[in-house]
Amino acid sequence: MSQEHDQGGRVSSAGEPAPLELGSALTYEGYLHLDQLLDAQKPLSGEHNEMLFIIVHQVSELWMRLMLHELTAAITCVKRDELDPAMKMLARISGTQSQLISAWDVLSTMSPFEYSGFRNELGRSSGFQSVQYRMLEFLFGNKNPQILAAHEGDPSAHARLERALVAPSLYDESLRLLSQRGYEIPESHLVRDFSQRYVPSKQVAGAWLGVYHNAESHWDLYELAESLVDLDYKFQLWRCHHLKTVERIIGYKPGTGGTAGVSYLAKALELKFFPELWTIRTSL
């Protein structure tokens with residue numbers, strides 16, 4: 001089988017000439033800033049397994065950055081009653097969530113002995129302190145003003161989180177849209193202090209039931225509801241995989257950030273971003 005050769009006698013894997021002389025053209029490494037990205041893994045110990053720990057968490061932060069990018073735009077679309085592009089963005093977030101869940105499978109290959117070799121180097125650092133994770137929770141609707149205290153040392157992050165805390169979440173905007181479309185949403189859930197934890201409502205549950213019972217005529221709202229359930233479901237799976245990975249590696253030791261570890265994570269499994277969409281399923 002013959003292959004085409006470039007002037008240097010080299011060919012690509014597809015048999016096509018590979019351009020080797022790029023001059024000042026933008027390169028793959030330059031576009032992705034790989035020199036900075038691949039230089040960001042700096043283990044503090046001499047332990048082989050610390051590199052795995054760092055990369056899994058850095059990759060997770062990159063995926064969360066994409067989720068925030070899509071989620072912010074999706075909230076704007078829902079606010080404008082532009083559900084077609086919103087559905088695309090929410091589907092992309094769901095796919096990204098699957099990648100986050102898979103990251104725990106990689107990290108769980110680490111044994112307790114391997115983790116203990118560098119755990120002390122982490123000090124008080126903990127995923128609990130992730131600004132992006134907290135932003136995601138706020139934008140989905142899990143608000144907690146007390147969380148801001150953990151970020152007082154970083155004024156920029158604190159300001160970003162405070163803006164997200166007081167702004168309507170994805171769920172808040174979804175309920176506003178239901179109201180605009182003629183469904184009865186109590187005023188207390190349309191005009192309120194959005195920095196406070198959401199309180200489930202029987203009237204809101206009734207409105208979502210109406211969406212499901214009128215799915216053929218309000219198909220886009222039905223799709224929105226199912227997309228929200230999917231996001232909530234994937235987030236619960238992520239939390240569950242997190243818990244089991246922590247339990248597998250450190251058992252019931254306290255977390256490095258001062259939390260109770262597994263027992264703290266277990267409480268988080270009870271949280272739901274969109275509670276009425278779960279309660280109505282018994283009635284459908």
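In helix α8, the residues L170, Y171, D172, E173, S174, L175, L177 and L178 are buried, where buried means a relative accessible area under 20%, exposed means over 50% and partly exposed lies in between, using a 1.4 Å probe and protein chains only. That makes eight of the eleven residues in α8 (170-180), so the helix is mostly covered. Helices here are DSSP runs of H or I with at least four residues, numbered from the N terminus. After α8 comes G182, with a positive phi near 105°.

Before we go on, a word about what you are looking at. This is a predicted model, in which local features need pLDDT of at least 70 and side-chain atom pairs count only at pLDDT 80 or more, while totals for chains, interfaces and linings use all residues. Residues are numbered from 1 along each chain as its sequence is written, and side-chain values use heavy atoms, with hydrogens and water left out.

Now let us turn to two loops. Between α1 (28-32) and α2 (34-37) you will find H33, which has a positive phi of about 50° although it is not a glycine. H33 counts as partly exposed because its relative accessibility is 45%. Further along, D81 sits in the loop between α3 (50-79) and α4 (83-107). D81 also is a residue other than glycine with a positive phi, near 60°. With a relative accessibility of 34%, D81 therefore counts as partly exposed.

Next, have a look at helix α6 (residues 131-140), where R134 lies. Is R134 buried or exposed? R134 is buried, because its relative accessible area is 6%. Leaving aside residues up to four places away in sequence, R134 touches F128, I147 and L161, a contact being heavy atoms within 4.5 Å.

Finally, let us look inside. The structure holds one cavity of 30 Å³ or more; a cavity is a set of points on a 1 Å grid over the protein atoms alone where a 1.4 Å probe fits but cannot get out, and its lining residues have an atom within 4 Å of a point. The largest cavity has about 60 Å³ of space, a volume being the space filled by probe spheres set on grid points joined across faces, edges and corners. Its lining consists of M64, M67, Q97, L100, I101, Y133, L136, K234, F235 and W238. The elements giving two or more residues to this lining are α3, α4, α6 and α11 (219-250).

Methods:
1 Å grid on protein atoms, 1.4 Å probe; cavity = no way out; pocket = protein on both sides within 12 Å on 5 of 7 lines; lining within 4 Å.
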